[in-house]
Protein chains: 2
Amino acid sequence: LSSTRRPSERRREDSRPRRPHHDLSRDEHKALTRQALLRAALRLLSKNSFDSISLREVTREAGLSPTAFYRHFDDMEELGLELVSEAFSTLRDMLRSARSDPSLVEDVINRSVEVLSDHLEAHEAHIRFIARERHGGVRRIRAAIAKELAEVTGELAGDFAVFPLINKWPDEDRFLLANLFVEFMTGVAGAMVDAEPAARAGIAERSQRQLRLIVVGVTGWKP
Amino acid sequence: LSSTRRPSERRREDSRPRRPHHDLSRDEHKALTRQALLRAALRLLSKNSFDSISLREVTREAGLSPTAFYRHFDDMEELGLELVSEAFSTLRDMLRSARSDPSLVEDVINRSVEVLSDHLEAHEAHIRFIARERHGGVRRIRAAIAKELAEVTGELAGDFAVFPLINKWPDEDRFLLANLFVEFMTGVAGAMVDAEPAARAGIAERSQRQLRLIVVGVTGWKP
């Protein structure tokens, strides 16, 4: 008789003390499995590019069966798009807190590179994924990254209004500068993830001096 | 009896008019096969990243057997390194002719981007390969690209001596600028290969204006 009962009914009858993960609701358990798949993919992507890893490799790395994958994602591209969105969500959090940091306005050159270095230390796998897949082999992922970078660029063009000089510039020129800044910082991030940790300070220092040259350009710019 | 003769002996006896590829020497034939493998790999790499394509796919695309591959390359990495070296060889040819082009010194901003666009039109597959594998999944290929870019940067720092202003700068600052320029142009090239052909003129125009801002920075720079 008991075998005809649904698992949820059986679980409700169980009155023994439960082990931690039995305490999880169905939704919580589902979210954990989804996270396990994303984390497993990100681990594999620290060495390989996205179009070289298979669904089977991801589930094996996560200790799950291939069928478990399909309860969370339609295919590998959907998982990849989720990673893009995760990576830019943490990047936006960083930009949001940078916006309310007065030291950044006072010393935009040094602090920008410092903020990027700190972010990279905390989210290296995400940044490497973006640097690698930005021009990678999957068109939809390239397009998603380009879209996110365009949004960040647009927001930054708005943020530049706090600087008296740029404040007076036409929108087009502010966008031009925001794009130059985003491209520059993306390049710096790419160089840093590829470098040995010991070489990163040197890249940071060089980038700060280059940013200084760009700022000299900004102060002399006639829109 | 004839079946015991070596193919080369049989060929020498053959007095019929020969088809063109029978005229090729053994070395010429070998070079052609090598080229067929490199071209086949480059075709596959127009869509996929390097670590996602297999030796078997390359030989199939070239219409050769997998064993034929090993007469030319030890493994796929060796083929990849050859593609890096090919791509930078055409890039250096371009830079060499740019060096002797007076219009480039007169109008470095517009001409630099034009020269890059022309080069990209002629060597799109190579440029895409470099943009993609620069941060790609194969360490030795990333390292080879970084080394080539560092050499181009060093040469460019020397070339900058033709500009009176930069001529007086210490080597370190000239290198800083050369690195900024190479990073900027690499970014532009990456954006162009990913864009629809119709969008490339817009990227070129934006890049020229951004390069103008950098040049304003150069004129105001205190080394």
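The model is predicted. Chain B superposes on chain A by a rotation of 180 degrees, with 0.0 Å of shift along the axis and an RMSD of 0.0 Å. The two copies are thus related as by a two-fold rotation axis. In chain B, B:Gly217 has the C-alpha nearest that axis, at 1.7 Å.

**Extent of the interface**

- Contact involves 34 residues of chain B and 34 residues of chain A.
- Of the interface residues of chain B, 100% are also interface residues in chain A, so the copies meet through the same surface.
- The size of an interface is often given as the accessible area lost when the parts come together.
- Here the area buried between chain B and chain A is about 3100 Å².
- Carbon and sulfur atoms give 58% of that buried area.
- On the chain B side, the most area is lost to chain A by B:His135, B:Arg209 and B:Leu213.
- Together, these three residues account for 23% of what the chain B side buries.

**Polar and charged links**

- Six salt bridges are found across the interface of chain B and chain A.
- A salt bridge joins the side chains of A:Arg142 and B:Asp194, with 3.6 Å from N to O.
- Between chain B and chain A, 21 residue pairs are in polar contact, counting pairs with both residues at pLDDT 80 or more.

**Make-up of the chain B side**

- Three helices of chain B each supply at least two residues of the side that touches chain A: α8 (124-133), α11 (171-194) and α12 (200-220).
- By class, this side of chain B has twelve nonpolar residues, eleven polar residues and eleven charged residues.

**B:Arg134**

- B:Arg134 lies in the loop between α8 and α9 (139-159) of chain B.
- The relative accessible area of B:Arg134 is 17%. Buried means under 20%, so B:Arg134 counts as buried.
- The side chains of B:Arg134 and B:Glu183 are joined by a polar contact of 3.0 Å.
- Leaving out residues up to four places away in sequence, B:Arg134 touches A:Asp194 in chain A.

Notes: Residues numbered from 1 in each chain as written. Chains lettered and ligands numbered in written order. Predicted model: local features only at pLDDT ≥ 70, side-chain atom pairs only at ≥ 80, totals over all residues. Heavy atoms only, no water. Least-squares fit on C-alpha atoms with pLDDT ≥ 70 in both. Contact = heavy atoms within 4.5 Å. Buried area = accessible area lost by both parts, 1.4 Å probe. Salt bridge = Lys/Arg side-chain N within 4 Å of Asp/Glu carboxyl O. Polar contact = N/O pair within 3.5 Å; in protein donor to acceptor, adjacent residues only side chain to side chain. Helix = DSSP H or I, 4+ residues; strand = E, 2+ residues; numbered from the N terminus. Nonpolar A, V, L, I, M, F, W, Y, C, P; charged D, E, K, R; others polar. Buried < 20%, exposed > 50% of the residue type's maximum accessible area, 1.4 Å probe, protein only.
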